[in-house]
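Here is a short report on one protein chain. Look at the structure first, then read on.

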Amino acid sequence: MISLIYTIIVMGSIYGTENAISAFLFSSFLLKIRKNNINNIFFYCDGVLNGNKMFYIAKDEHNLIDSWYYLSKEFSINLNICSSAAYRRGVIDDDMALDLGFLHGNLHSAFKLTGLGTLVKSIFSSDRVVQF
């Protein structure tokens, strides 16, 4: 069987749509069957909210932010967030928070702020691009 390399683009918010959970389930499946590889998971538009560690998640709800974190750790997958989209939606790292006069940012440690260039490089080195 041929192994494919994927780039996953997550554009849906953590709540309100099924995009983010569908992206997570699809990515988990690809990685667990170990016949495919994910080059990059890139969060864009409202998808950047998946990296906001300040979301309150009720105890009886699935914690998708933690799920992304564990997937990233288990399979060494980069969780990249578009910095421009993140800043527009109030998702900032610790460095930006200090520049703005805050003590801490709200970007989860599993996620990394990057630019669209990271997405473009990933797309060019992938066999498939799937957008959620």
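R89 is partly exposed, at 30% relative accessible area. Here buried means under 20% relative accessible area, exposed means over 50%, and partly exposed lies in between (1.4 Å probe, protein chains only). This is a predicted model, where local features need pLDDT of at least 70, side-chain atom pairs count only at pLDDT 80 or more, and totals for chains, interfaces and linings use all residues. Residues are numbered from 1 along each chain as its sequence is written, and side-chain values use heavy atoms, with hydrogens and water left out.

Which residue does R89 meet in a salt bridge? The partner is D46, at 2.7 Å from N to O. A salt bridge is a side-chain nitrogen of Lys or Arg within 4 Å of a carboxyl oxygen of Asp or Glu. R89 sits in the loop between helix 3 and helix 4 (94–99), and D46 in the loop between strand 2 and helix 2, so the pair ties together parts 43 residues apart in sequence. D46 is partly exposed too, with 37% relative accessibility. The structure holds 1 salt bridge. In general, side chains of opposite charge can pair when their charged atoms come close.

## Strands side by side

Helices (H or I, at least four residues) and strands (E, at least two) are DSSP runs, numbered from the N terminus. Two strands pair if DSSP finds at least two bridges between them. Strand 2 and strand 3 run parallel and are joined by 3 bridges. The chain passes from strand 2 through helix 2 to strand 3, in a right-handed β-α-β crossover. Right-handed means that, with the strands pointing away from the viewer, the path from the first strand over the helix to the second runs clockwise. Strand 3 also runs parallel to strand 4, with 4 bridges.

F43 stands opposite I81 in strand 3. C82 has T114 in strand 4 as its bridge partner.

Now look along strand 3. L79 and I81 point one way, N80 and C82 the other, and all are buried. In a regular strand the side chains alternate between the two faces of the sheet.

## The core and its rings

A nonpolar core is a set of buried Ala, Val, Leu, Ile, Met, Phe, Trp, Tyr and Cys residues joined through side-chain atoms within 4.5 Å. The largest one has 36 residues. I8, I41, W68 and F111 have the most contacts inside it. Among the elements that give it two or more residues are strand 1 (5–10), helix 1 (19–32) and strand 4 (111–114). Contact means heavy atoms within 4.5 Å. Not counting residues up to four places away in sequence, I41 touches residues including I8, V10, W68 and L79.

Rings of Phe, Tyr and Trp (its six-membered ring) pair if their centres lie within 6.5 Å; planes under 30 degrees apart count as stacked, over 60 as edge-to-face and the rest as tilted. The count comes to 8 aromatic pairs. Two of them are listed here.

| Pair | Centre distance | Plane angle | Type |
|---|---|---|---|
| F42 and Y44 | 6.4 Å | 40 degrees | tilted |
| F43 and F111 | 5.2 Å | 70 degrees | edge-to-face |

F43 lies in strand 2 and F111 in strand 4, so their pair ties together parts 68 residues apart in sequence. F43 is buried at 0% relative accessibility, and F111 is buried at 5%. F24, F43, W68 and F111 form one aromatic cluster.
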